[in-house]
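Please open the model in a viewer and keep the selection tool at hand. The stops below are given in the order in which they may be selected.

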Amino acid sequence: MAAFAAPLRAQALLPVPSGQPVELADVLLDNNPGELWIRFRFIAPKIGDQAGQIPYDVVAIDMEHLCTILAVPYVESRQITPARVIISMSDRPIAFGTSQPGATQFFEAYRLRDSRCIWEEF
């Protein structure tokens, strides 16, 4: 479970390369994997694998962009050093650590080095 929720919440949609509507749901600092991970959780109602939805390959570009424009400044301004930054998107609000049948969720993990997001394979 997450150690605590960090005080970052957004009401406005965030700009991403795909142009899809994306809203920050919450930011969690998590020590449960044995090291500090920071999780940025987003709601992106148009993602999915069905016709007319935004597929993973497009969403992956948006997630890297969000890591760069949001996660890097957040971490630097708070002077924290996470082992991993996790960017996740779901098509609806889902409580952390739970699943919801029929929901779409995409995740990416990054290391931060020299103010850059370096993709990590899960």
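This is a predicted model: local features need pLDDT of at least 70, side-chain atom pairs count only at pLDDT 80 or more; totals for chains, interfaces and linings use all residues.

Residues are numbered from 1 along each chain as its sequence is written, and side-chain values use heavy atoms, with hydrogens and water left out.

**Helix 1**

Select residues 56-78, which form helix 1. Helices (H or I, at least four residues) and strands (E, at least two) are DSSP runs, numbered from the N terminus. Helix 1 has 23 residues and spans 30 Å from its first C-alpha to its last, close to the 33 Å expected; the expected span is 1.5 Å times one less than the number of residues.

Centre the view on Cys 67, where helix 1 has a kink of about 35°. The bend at a residue is the angle between axes fitted to the seven residues ending there and the seven starting there.

Next, colour the buried residues of helix 1, among them Val 59, Met 63, Leu 66, Cys 67, Leu 70 and Tyr 74. Buried means under 20% relative accessible area, exposed over 50%, and partly exposed in between (1.4 Å probe, protein chains only). The buried residues of helix 1 pack against strand 2 (23-30), strand 3, strand 4, strand 5 and strand 6 (116-120). Contact means heavy atoms within 4.5 Å.

**The aromatic pairs**

How many aromatic pairs does the structure hold? There are two aromatic pairs. Rings of Phe, Tyr and Trp (its six-membered ring) pair if their centres lie within 6.5 Å; planes under 30 degrees apart count as stacked, over 60 as edge-to-face and the rest as tilted.

Select Phe 40 and Tyr 74, an edge-to-face pair at 5.4 Å centre to centre with 85° between the planes. This pair joins distant parts of the chain, with Phe 40 in strand 3 (residues 37-43) and Tyr 74 in helix 1, 34 residues apart. Both Phe 40 and Tyr 74 are buried.

Move to Tyr 56 and Phe 106, whose ring centres are 5.4 Å apart and whose planes stand at 70°, so this pair is also edge-to-face. Tyr 56 belongs to helix 1 and Phe 106 to strand 5 (residues 105-113), 50 residues apart. Tyr 56 is partly exposed at 32% relative accessibility, whereas Phe 106 is buried at 9%.

**Ser 90**

Select Ser 90 in strand 4 (residues 84-90); Ser 90 is buried, at 6% relative accessibility. Leaving aside residues up to four places away in sequence, Ser 90 touches several residues, including Phe 42, Pro 45, Ile 47 and Thr 104.

**Two loop residues**

Select Gln 79, in the loop between helix 1 and strand 4. Gln 79 has a positive phi of about 50° although it is not a glycine, and it is exposed, with a relative accessible area of 73%.

Finish at Ser 115, in the loop between strand 5 and strand 6. Ser 115 is not a glycine, yet has a positive phi of about 60°; at 43% relative accessibility, Ser 115 counts as partly exposed.
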